[in-house]
Amino acid sequence: MWSIHHFMNKLLKAVEENLDGYAENHFNFVDSYTIQQPPNNQSRTSVSSYFVDVPHINQESTWDCGLACVLMVLQAVGIYNCTIQDLVELCCTTSIWTVDLAYLLQKFSLSFTYCTVTLGANPDFSVETYYKDQLPNDLRRVNMLFQEARESGISIECRSVSAKEISDFMLSGKYVAIALVDQHKLSSQSQLEDICVSEYYSGGPSYTGHYVVICGYDAATDEFEIRDPASSRKHERVPSWCLEQAHKSFGTDEDFLLISVEKGGAQGNPLGIFSL
């Protein structure tokens with residue numbers, strides 16, 4: 001009869017071989033790593049709410065909400081000599097995807113991680129009115145940006161981020177985030193008033209992609225502080241359940257940019273030096 005020690009060695013070896021096989025078949029063109037979580041229970045026990053001071057900036061067109069969110073983050077870390085028009089010129093497109101925002105953040109040397117459940121443009125989104133006209137033209141460009149992410153120093157993690165994780169990051173005081181949400185679910189179910197959605201979006205309750213900045217969390221009310229570029233309000237509160245539902249809606253790929261706002265997160269202004 002084998003000894004317990006011998007049996008355990010055999011078992012551990014088999015597990016290691018299975019893990020090695022998985023790693024070899026995993027995505028190999030994008031850096032994928034685990035986001036560092038705040039220390040266990042630190043945020044919940046010592047901090048019940050935390051809000052990063054992020055200025056509110058309205059979008060100027062129907063398509064530039066993501067650029068407005070990037071501009072808000074840049075100003076939050078002390079970069080002020082930039083406008084939405086500057087970001088437009090850097091992007092060279094009016095069909096903005098989250099990966100475009102990631103490249104913009106990289107140009108300004110911000111420290112961030114991009115999380116998404118799909119590495120590339122999701123062809124299944126062609127059934128949505130919001131995507132069907134532009135998606136065929138964007139597939140090749142967007143997929144190429146994903147493939148070149150590693151060489152550009154962009155960290156992409158293929159995973160979902162829960163509301164609980166987001167709240168922990170906000171309570172740590174070290175991060176803000178840009179999230180892709182379904183505009184209709186965010187505005188209609190959160191019961192927020194005075195939202196300027198009609199100025200930028202029209203049509204029925206079908207999916208409408210929209211970017212917002214998440215900059216705080218209140219554990220007492222279970223609400224997130226956001227900056228909505230389509231809103232006339234400078235400060236917004238959204239229930240946790242509502243933000244998660246809007247963020248996990250079909251069409252978003254649960255795209256999420258977690259951005260460090262700690263000192264040293266911004267390292268200069270590359271405007272006029274880098275270009276796509």
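Start inside the fold: the structure holds one cavity of 30 Å³ or more. This is a predicted model, where local features need pLDDT of at least 70, side-chain atom pairs count only at pLDDT 80 or more, and totals for chains, interfaces and linings use all residues. Residues are numbered from 1 along each chain as its sequence is written, and side-chain values use heavy atoms, with hydrogens and water left out.

**Stop 1: the cavity**

A cavity here is a set of points, on a 1 Å grid over the protein atoms alone, where a 1.4 Å probe fits but cannot get out; lining residues have an atom within 4 Å of a point. The largest cavity has a volume of about 50 Å³. Volume is the space filled by probe spheres set on the points, which are joined across faces, edges and corners.

Select Val161, Ser162, Ala163, Ile166, Ala179, Ile214, Phe224, Leu243, Glu244 and His247 to show its lining. Seven of these are nonpolar, two polar and one charged. Color helices H8 (163–172) and H11 (240–247) next: each supplies at least two lining residues. H11 gives the largest share, three residues. Helices (H or I, at least four residues) and strands (E, at least two) are DSSP runs, numbered from the N terminus.

**Stop 2: the largest nonpolar core**

A nonpolar core is a set of buried Ala, Val, Leu, Ile, Met, Phe, Trp, Tyr and Cys residues joined through side-chain atoms within 4.5 Å. Buried means under 20% relative accessible area, exposed over 50%, partly exposed in between (1.4 Å probe, protein chains only).

Select Leu67, Leu87, Leu101, Ile178, Leu257 and Ile259: of the 51 residues in the largest core, they touch the most other members. Helix H3 (65–76) supplies the largest share of this core, nine residues. Now center on Leu67. Beyond four places in sequence, Leu67 is in contact (heavy atoms within 4.5 Å) with Ile84, Leu87, Val88, Cys91, Ile96, Leu101 and Leu104. Another core, of 23 residues, lies apart from the largest one; Phe169, Cys242, Phe256 and Leu258 are among its members.

**Stop 3: two loop residues**

Go to Cys92, in the loop between H4 (84–91) and H5 (98–107). Cys92 is not a glycine, yet has a positive phi of about 60 degrees. Cys92 counts as exposed because its relative accessibility is 60%. Then pick Ser109, in the loop between H5 and strand S2 (112–116). Ser109 also has a positive phi of about 60 degrees. At 29% relative accessibility, Ser109 is partly exposed.

**Stop 4: confidence**

Color by pLDDT, the predictor's confidence in each residue, from 0 to 100. The protein chain's mean is 79, and 72% of its residues reach 70 or more. Residues 41–45 stay under 50.

Note on methods. 1 Å grid on protein atoms, 1.4 Å probe; cavity = no way out; pocket = protein on both sides within 12 Å on 5 of 7 lines; lining within 4 Å. Nonpolar A, V, L, I, M, F, W, Y, C, P; charged D, E, K, R; others polar.
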